[in-house]
Amino acid sequence: MSATDPSILAKSAMLSRLRDAKPQAMAKENLRYPVWQDNDKQLQQQRFMAGLSANHAEVICISSLAIADTIEKVLINQQCKHVILGSACDHTACDNVSYACRKGEFYPQILEGTRDINVLVFDTDVDEIKSTLFNDIDAGITHSLAGIADTGTLVLWPDRAEPRTLSLIPPCHIALIKRSAIVSNFAELMAEKAWQQQMPTNIVLISGPSKTADIQQTLAYGAHGPRQLVVILIEDM
Amino acid sequence: MSHSSAGPEHFHAQARSALGDPQLRQNFRGAMDYLQDKRKSAFFDPVEEAQLRDLSAAIRQRCLSKLPQLLEQLEANCTRNGIEVHWAENDKEANDIIASIAQRHNAKSIVKGKSMVSEEIELNHEMAKLGIECLESDMGEYIVQLDGDKPSHIIMPAIHKNKQEVSDTFALHLDDFEPTVDVDELIQTGRSHLRQKFHDADIGLSGVNFAVAETGTLCLVENEGNGRMCTTVPKVHIAITGIEKVVEFLADVPPLFNVLTRSATGQAVTTYFNMISSPRKNGELDGPLEVHLVLLDNGRSQAYQDEEMRKTLQCIRCGACMNHCPVYTRVGGHAYGTVYPGPIGQIISPHIMGLEKTKDLVTASSLCGACGEVCPVRIPIPEMLQRLRTHAKNPPKADIMPLKGQASGASTLESWVMKGFVLAATSPKIYHSATWSLSKLNAFMPNHIGPWTQCRTSPKPADKTLHQLIKIRHKKKSDKP
């Protein structure tokens, strides 16, 4: 960029106008953030499930022994013939933030549950599988990093192991989450894990299947993202 | 039917025509009742609501108070993360920046998530001139674009249409569409038409709900997933935002996100909350290879100069003020002729476009205060409308920065009448003789005096002035035995 770059000129003009302005008297900010909080694990789980169900997601609560069977049943129910998975996780990203849920943790069970159908592993540049991903895949399966009980929200931290489009392009998204990964609220999750110190490329909060009410305030699901969100909640505590 | 308008300078005519359109009024009435109910149930606890709004207002004020520093911090952190930051003074500069990115990539198509700032700079129109197609992918925006129309609401762009009208639009523009009023089928039609576009687009463009200075993170709030598509699938992602959207800390985001969704559509949370901090990193398999952030001024730094007007910039674009405005509910968004309609539009637009064009807009309010009562960041909209009305009529005072187009609504007749009134009201002799002659001449008062008598009877001065009446009353009292 040269010194006469319009963007640089605009920047200095904009900033100098802003700096010329008088400082403003401000309201005090020792204010409380009134947010839902509960340490009772049972209540957290109920609220998490209720929030997701209210937003049209299917929540299935199981023990870790039933993962393979459950996935098999879900795939039959959703009439999925082609699924896409992430690749095994190297755990570095997860270890850094010491989350309860590790990506790839349940791949052995997922592979067992999908043994009778076509499985594509997302381990190459998206360009190589883009058309397949858009046109042929029925479901994407991901782990979840955390769950927010207050609003019934899954937290995904996509990376090389589980890319961003895995939970976006296929019409069905199946997400696994461990009970121990559920926290009370969004603010608490950010603060506890000190997100501000290490933001990844992308974090996405998901609270149901894609929807819109743009036509006459009538709620319709499957606008652009997944039409179905199936959450498999694994009781690990 | 297209409802597009010619601009805010034609507000009166546009409002009149909207008021005469029963279908449009019914569509808006239904939608606003629905959104008001939804907000009311989302904030069921008034104590919690008050706390949240106080907190959100305080966060926005703090961030604005440090705006220049935060913008520089945002730029530094975005750059460190690999996001390229551009600064634009006005619509032309913003379009030039986007055009040059597009041309560098030989891009022929841009697929867009929802962005009011892109409407503000008329991006679609400007890119079309260069042979670059911009496609709106938010369902409401897509419908509006097919119609050659403009959004009439900042959250629900096609709110002025009912499902029959959407079906008519699709039937007119989409080849293989069988007319239907089944909303699911209509949405699936939109979905299937847009899927291939996401797949093929060279560039994805989005707005920004919050830009976090501390981490260089762009936050996007949405329900449909089209925002995620636009910011993930194409090789290049361009985000555009007004400079006021910056927040200081990541921790500022949860409360603002909370009040935004509950105020806008009454949702506890939206389907997606997307936090983007960098382009695709080494080894990652998807996501854009380039991310650009365009910071637009376009009149915002003018609003910032004035302590009171600065509060305009606290806005988080939830649309609650328009959902609760009796004027917006009746005339709809297009009548305003501005990108941002309703109460918030009435106080933003004068800064973007100047008061010459927008002087009628600031009068389009009953000052009932509903907008101020629902604003999640406590912008005193009614007070600011009154202030802008004064600015539209009067030249600037010495100690206050003049507003673009200040005093353009001044009328010589009006100012002489006011001066005359001041003179009469402050000099007893003139006052008494004037009221006395009015009370004598009341028989000559015309029955029609311009617009005043359109829906009122002509005022008739009383036979006796107040002073005369009081004198008589005193006399009667003293006459009594």
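The model is predicted, so a few ground rules apply: local features need pLDDT of at least 70, side-chain atom pairs count only at pLDDT 80 or more, and totals for chains, interfaces and linings use all residues. Residues are numbered from 1 along each chain as its sequence is written, chains are lettered from A and ligands numbered from 1 in written order, and side-chain values use heavy atoms, leaving out hydrogens and water.

**The interface**

Let's start where the chains touch. Contact (heavy atoms within 4.5 Å) links 99 residues of chain B with 79 residues of chain A. About 7,700 Å² is buried between them, with carbon and sulfur atoms giving 57%; that area is the accessible area (1.4 Å probe) lost by the two parts on being put together, summed over both.

Strands join in here too. Strand 9 of chain A (residues 202–206) pairs with strand 9 of chain B (residues 272–276), antiparallel, over five bridges, and N202(A) sits opposite I276(B). Pairing takes at least two DSSP bridges; helices (H or I, at least four residues) and strands (E, at least two) are DSSP runs numbered from the N terminus.

**Salt bridges**

A salt bridge puts a side-chain nitrogen of Lys or Arg within 4 Å of a carboxyl oxygen of Asp or Glu.

| Pair | N to O distance |
|---|---|
| E89(B) and R17(A) | 2.4 Å |
| K11(A) and E75(B) | 2.5 Å |
| D33(B) and R29(B) | 3.0 Å |
| K393(B) and E414(B) | 3.4 Å |

E75(B) is buried, at 15% relative accessible area, whereas D33(B) is partly exposed at 33%. For these words, buried is under 20% relative accessible area, exposed is over 50%, and partly exposed is in between (1.4 Å probe, protein chains only). D33(B) and R29(B) are four residues apart in helix 2 (residues 22–42) of chain B, about one helical turn.

**Strand 7 of chain B**

Seven of the seven residues in this strand (residues 236–242) are buried, so the rest of the structure largely encloses it. One side carries V236(B), I238(B), I240(B) and G242(B), the other H237(B), A239(B) and T241(B). Strand 7 of chain B runs parallel to strand 4 (residues 203–206) of chain B over four bridges, with I203(B) partnering V236(B). Another parallel pairing, with strand 10 (residues 290–296) of chain B, has seven bridges, and there G242(B) partners L296(B).
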